[in-house]
Structure formats: structure tokens, C-alpha cells
Amino acid sequence: MAEARNGRSLWGGLLAFDLYKRNQGRLVRQVTAITVAVIVIIGAWTLSRSALLMNEQRWARIGIPLAVSILGGWAAFRLVNWPRFADFLISVEAEIDKVSWPSRQELKRASMVVISTMFVLGAILFLYDMFWLWLFKMLNILHG
């Protein structure tokens with residue numbers, strides 16, 4: 001079995017309970033783990049309702065999705081504690097902390113500019129469409 005750089009085997013790394021850099025990037029790592037776990041649980045629930053398990057016995061319809069959920073939850077936990085991925089998430093949180101977020105007033109003004117620009121562009125495209133429709137009808141390219 002191949003040894004990891006830190007001297008731990010692959011299975012030893014998968015079955016470990018320790019937390020990698022436990023106090024760094026906590027929020028991003030927790031949100032990532034919860035998101036992955038929710039996706040796995042939704043997938044397991046969909047599996048339990050699928051035609052694949054519909055004709056199986058009750059223990060299989062409950063047990064297989066439950067096993068998938070447990071393994072997926074463990075995989076989510078190990079994913080956010082995998083050193084390369086955990087370091088990436090730690091750096092993501094560090095970059096997010098550097099962002100200067102707008103005030104509520106700046107956000108309202110910027111949103112109004114974007115929304116009004118979208119309405120103006122929509123109106124211009126509508127007028128172009130009406131012009132081309134009129135032109136093609138006049139040239140008998142479109143009938144009706």
C-alpha cells in the first residue's frame with residue numbers, strides 16, 4: 001500500500017478522525033462539508049424512491065440509501081480534512097476576508113442601476129425585433 005507524505009497509509013488517512021488545521025478556515029470548511037452531505041443525502045433519498053429499489057425488500061430500500069448517506073457523510077468529513085483541499089478552502093476564506101463588501105445604500109444603488117439597465121436593454125431588443133418583423137412582412141419574407 002502506498003504511503004502518504006506524512007507517513008500515513010491511504011486507509012489510515014481515510015479512517016482517521018483527526019482534524020487538519022482545525023482552527024483555520026472553519027466556516028468555509030463547515031459549509032462545504034454540509035453542502036456535500038446534503039447533496040449525498042438528497043441523492044440517497046432519490047435512490048430510495050427510484051425504480052432501481054422499488055421491487056426490493058424493505059430492508060434494501062432503507063438500508064442501501066442509509067449506507068450511501070453514512071458513507072457520503074464520512075466522505076464529506078474526510079474531504080474537508082484532506083490536506084490539499086483543506087488548504088485550498090483555508091485560502092478561499094482568507095481571500096473572502098479581504099473583500100470590501102458594499103454598504104446597504106451602495107448595494108441598493110448598484111442593484112437599481114443593473115435592473116434599470118436590463119429593462120432598457122430589453123426594450124431596445126424588443127424594438128429591434130418589432131422592426132425586423134415589420135420589415136420582413138413588408139418584403140413578404142414572413143407571411144401572416
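Begin with the second largest pocket of this predicted model: select L19, Y20, R22, Q24, G25, R26, R29, Q30, A33, F77, V80 and N81, which line this pocket. By class, the lining comprises five nonpolar, four polar and three charged residues. The pocket holds about 160 Å³ of space. Helix α2 contributes the most to the lining, with four residues.

Next, select helix α2, residues 26-49, together with helix α4, residues 58-79. Their axes lie 9 Å apart, and the packing angle is about 165 degrees. Because angles over 145 degrees count as roughly antiparallel, α2 is described as roughly antiparallel to α4. The crossing of α2 over α4 is right-handed.

To view the contact between these two helices, display the side of α2 formed by A33, V36, A37, V40, I41, A44, L47 and S48.

Finally, show R26, L27, V28, R29 and T32 of α2, which meet F85, A86, L89, I90, V92 and E93 of α5. The contact of α2 with α5 divides into seven nonpolar, one polar and three charged residues. Two residues of this contact, R26 and R29, were already selected in the lining of the second largest pocket.

Key
Residues are numbered from 1 along each chain as its sequence is written. This is a predicted model: local features need pLDDT of at least 70, side-chain atom pairs count only at pLDDT 80 or more; totals for chains, interfaces and linings use all residues. Side-chain values use heavy atoms; hydrogens and water are left out. Axes are lines fitted to C-alpha atoms, for helices over the stretch in contact, and angles run from 0 to 180 degrees between N-to-C directions. Angles under 35 degrees count as roughly parallel, over 145 as roughly antiparallel, 65 to 115 as roughly perpendicular and the rest as oblique. A crossing is left-handed if the near helix is turned anticlockwise from the far one by less than a right angle, and right-handed if clockwise. Contact means heavy atoms within 4.5 Å. On a 1 Å grid over the protein atoms alone, a cavity is a set of points where a 1.4 Å probe fits but cannot get out, and a pocket is an open set with protein on both sides within 12 Å along at least five of seven lines; lining residues have an atom within 4 Å of a point. Grid points are joined across faces, edges and corners, and a volume is the space filled by probe spheres set on the points. Ala, Val, Leu, Ile, Met, Phe, Trp, Tyr, Cys and Pro count as nonpolar, Asp, Glu, Lys and Arg as charged, and the others, Gly among them, as polar.
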